[in-house]
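I opened my notebook to look up a few things in one protein chain.

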Amino acid sequence: MTQKVAVLGTGKIGEALLSGMIRAGWAPADLLVTARRRERAEELRTRYGVTPVSNTEAAKIADTLILTVKPQDMGALLDELAPHVPAGRLIISGAAGIPTTYFEDRLPTGTPVVRVMTNTPALVDEAMSVISAGTHATAEHLAHAEEIFGAVGKTLRVPESQQDACTALSGSGPAYFFYLVEAMTDAGILLGLPRDKAHDLIVQSAIGAATMLRDSGEHPVRLRENVTSPAGTTISAIRELENHGVRAALIAALEAARDRSRELASGKNT
């Protein structure tokens with residue numbers, strides 16, 4: 001049976017999801033989109049052949065609603081949707097920090113909700129999407145969410161109690177790597193390299209290291225040890241990282257991100 005899927009609040013991540021679904025074989029005729037600006041909706045129609053609708057139309061027509069609006073806009077969106085969401089309509093939330101109970105309390109009783117934390121590599125089909133079931137979501141609902149988000153990368157099921165930790169690790173994770181590349185590029189310039197050459201060296205090293213981590217099956221400690229010769233350059237650099245507490249700083253940073261995710265879930269937006 002054909003399933004109609006609506007992406008509500010189609011920004012960059014929502015557009016990446018649409019694009020990935022179409023490449024994975026979804027028919028554009030089965031994909032609906034909403035956007036705050038009419039111009040944006042028409043742009044998506046022209047680019048992908050999808051159908052722009054209003055939020056209430058999406059609630060009435062689609063079998064699955066994917067909510068990609070910002071967390072601070074979610075309450076108003078649910079108020080708009082609630083009178084029009086039929087029983088059994090699957091709701092997939094991509095909003096950071098908002099628990100499934102928030103949706104269940106505002107939508108008709110028994111509404112199945114699946115919570116997904118994806119990340120910006122969805123834009124290049126390399127996302128890490130973490131999926132959790134709400135009270136009324138079944139294994140079939142989870143599998144459907146995996147099919148959708150699998151179009152833009154890898155998926156992983158976790159209990160919802162682990163979502164804040166996953167937000168800290170993978171949801172925010174790309175920013176940490178960008179920050180590290182930025183710092184290493186500055187170091188390369190300090191060492192006498194032009195910025196473009198430093199950038200190319202670091203980015204390709206990062207791609208190679210990530211591929212080895214993914215494909216080798218080796219523990220990262222073993223891979224690091226393979227690069228670290230006795231009394232060599234690498235161990236000298238590692239010693240400085242340890243002296244400056246980089247490992248402890250990373251742990252503290254991820255704990256801070258997790259704690260902020262918990263604050264957002266409790267309604268603390270400032």
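Entry 1: I noted first that the model is predicted. I then traced the sheet. I found eight strands in an open sheet, with mixed pairing. I wrote down the order as β3-β2-β1-β4-β5-β6-β7-β8. Which strands stand at the edges? They are β3 (51-52) and β8 (153-157). Each has a single partner strand, so one side of each is left without a neighbour in the sheet.

Entry 2: I picked β6 and β7. Strand β6 covers residues 113-117, and strand β7 covers residues 127-133. The two pair in the antiparallel sense, over four bridges. I looked up one partner: Val-114 is bridged to Ala-133 in β7.

**Entry 3: helices across the sheet.** I checked two helices. Helix α1, residues 12-23, lies across β1 (5-8), β2 (31-34) and β4 (64-67). Its angle to β2 is about 170 degrees. Helix α7, residues 163-171, lies across β6 and β7. I noted an angle of about 175 degrees between α7 and β7.

**Entry 4: salt bridges.** How many salt bridges does a search of the whole structure find? I got 18. One of them joins Glu-160 and Arg-115, with the closest N and O atoms 3.1 Å apart. This pair links distant parts of the chain, 45 residues apart. Glu-160 sits in the loop between β8 and α7, while Arg-115 is in strand β6.

**Entry 5: a surface patch.** I found a nonpolar patch on the surface, made by Leu-241, Val-246 and Leu-250. Together they have about 240 Å² of accessible area. Leu-250 belongs to helix α12, residues 246-265.

Technical notes:
Residues numbered from 1 in each chain as written. Predicted model: local features only at pLDDT ≥ 70, side-chain atom pairs only at ≥ 80, totals over all residues. Heavy atoms only, no water. Pairing = 2+ DSSP bridges. Contact = heavy atoms within 4.5 Å. Axes fitted to C-alpha atoms, helices over the stretch in contact; angles between N-to-C directions. Patch = residues over 30% accessible without salt bridge, like charges linked within 9 Å, V, L, I, M, F, W, Y side chains within 5 Å. Areas by Shrake-Rupley, 256 points an atom, 1.4 Å probe, with all protein chains shown as cover. Salt bridge = Lys/Arg side-chain N within 4 Å of Asp/Glu carboxyl O.
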